[in-house]
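Please look over the structure shown below before reading the briefing that follows. The points are grouped by topic, so that each can be traced on the model in turn.

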Amino acid sequence: LRMHLLADVSRRWGTPGWWVEPGLKLNAAVYRTDQPLADGRRSARRAIPIARIDAGMAFERDSTVLNRRFLQTLEPRLRYLYTPFRDQSRLPNYDAAGTDFNVVSIFDDNAFSGIDRVSDAHQITAGATSRWLDSDTGIERLRGGMVQRYLLKDQRITPDGVPVTQRLSDVLLFGQSSLTPRWTLGAAVQYSPETDRVTRSVLSTRYSPGPFRTLGLSYRFVRGASEQVDV
């Protein structure tokens, strides 16, 4: 038997040009098992508080590219996250697994999916996105940005079981373009400042000649692990 409680309270303040959102979360779980746990108990519980402050701004200006009018934005974002360390090694793990490291998950509260593990954290994540919006239609034609995380303290609970001691995470760079209605181009790169090399990259293109018809091509590279082409 597993019971899980996730309580999240947050409040956003701001204007169209800036916003601040502090939040508090409680992640609790209770276990009752037929078979004894590692320490001989048949029941266990844990409750882990999580505190965060998310903030962002949005700057806009008019620009012209190839005689086309665009609204260009610059959207910086800063996020502070604190989750205290709680030893969970003696608790069962039914569905917790590491999440993919990307421009979305780097802002998440937890490095795990599922319920049974909660990663400790004392970190700051900073990023910025710039968009080019067509002034006539409002359609986003171009987007680019970068994001990186800084650890204020070593992270002890990790998906692979090895503590993270590197203060600066890999830099994530991303971009997407749809300058024409039928073609979309995208790219994402993970760069390691420690080794001064690209550790992972994804390049993709999509062609849509009409409704319900799409041809896609993507190239995925993970250094030392895999290299794939999808059509």
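In this predicted model, the residues lining the second largest pocket divide into ten nonpolar, three polar and four charged. That pocket has a volume of about 310 Å³, whereas the largest pocket has a volume of about 720 Å³.

- Strand 9 gives the most to the lining of the second largest pocket, with a contribution of four residues.

**The largest pocket**

- The largest pocket is lined by 30 residues, and Phe 101, Arg 149, Gln 155, Pro 159 and Val 164 are the ones that lie nearest its centre.
- When the lining of the largest pocket is sorted by class, eleven residues are nonpolar, twelve are polar and seven are charged.
- Strand 9, which covers residues 121–134, and strand 10, which covers residues 140–151, each supply at least two residues of the lining of the largest pocket.

**Strand 6 and its partners**

- Strand 4 and strand 6 pair in the antiparallel sense over six bridges, and Ala 55 stands opposite Leu 78 in strand 6.
- Strand 5, made of residues 59–65, also pairs with strand 6 in the antiparallel sense, here over seven bridges, and Asp 62 has Leu 71 in strand 6 as its bridge partner.
- Strand 5 and strand 6 form a hairpin that has two residues between them, and in the turn Leu 66 has a positive phi of about 55°.
- Strand 6 is joined to strand 9 by 14 bridges, and the two run antiparallel; within this pairing, the bridge partner of Tyr 80 is Ile 124 in strand 9.

**Arg 79, a residue of strand 6**

- Is Arg 79, a charged residue by class, buried or exposed? Arg 79 is found in strand 6, and it counts as buried because its relative accessible area is 8%, which falls under the 20% cut-off.
- The side chain of Arg 79 makes a polar contact with the side chain of Asp 54, at a distance of 3.4 Å.
- Leaving aside residues up to four places away in sequence, Arg 79 touches Arg 52, Ile 53, Asp 54, Phe 107, Asp 108, Asp 109, Gln 123, Ile 124 and Thr 125.

**Ser 169, a residue of a loop**

- Where is Ser 169 found? Ser 169 is found in the loop between strand 10 and strand 11, the latter covering residues 171–177.
- Ser 169 counts as buried because its relative accessibility is 15%, which is also under the 20% cut-off.
- The side chain of Ser 169 reaches the backbone nitrogen of Arg 149 at 2.9 Å, and Arg 149 is also among the residues that lie nearest the centre of the largest pocket.
- When residues up to four places away in sequence are not counted, Ser 169 touches Phe 101, Ile 106, Gln 148, Arg 149 and Pro 193.

Conventions
Residues are numbered from 1 along each chain as its sequence is written. This is a predicted model: local features need pLDDT of at least 70, side-chain atom pairs count only at pLDDT 80 or more; totals for chains, interfaces and linings use all residues. Side-chain values use heavy atoms; hydrogens and water are left out. On a 1 Å grid over the protein atoms alone, a cavity is a set of points where a 1.4 Å probe fits but cannot get out, and a pocket is an open set with protein on both sides within 12 Å along at least five of seven lines; lining residues have an atom within 4 Å of a point. Grid points are joined across faces, edges and corners, and a volume is the space filled by probe spheres set on the points. Ala, Val, Leu, Ile, Met, Phe, Trp, Tyr, Cys and Pro count as nonpolar, Asp, Glu, Lys and Arg as charged, and the others, Gly among them, as polar. Buried means under 20% relative accessible area, exposed over 50%, partly exposed in between (1.4 Å probe, protein chains only). A polar contact is a pair of N or O atoms within 3.5 Å; within protein, one must be able to donate a hydrogen and the other to accept it, and residues adjacent in sequence count only if both atoms are side-chain atoms. Contact means heavy atoms within 4.5 Å. Two strands pair if DSSP finds at least two bridges between them.
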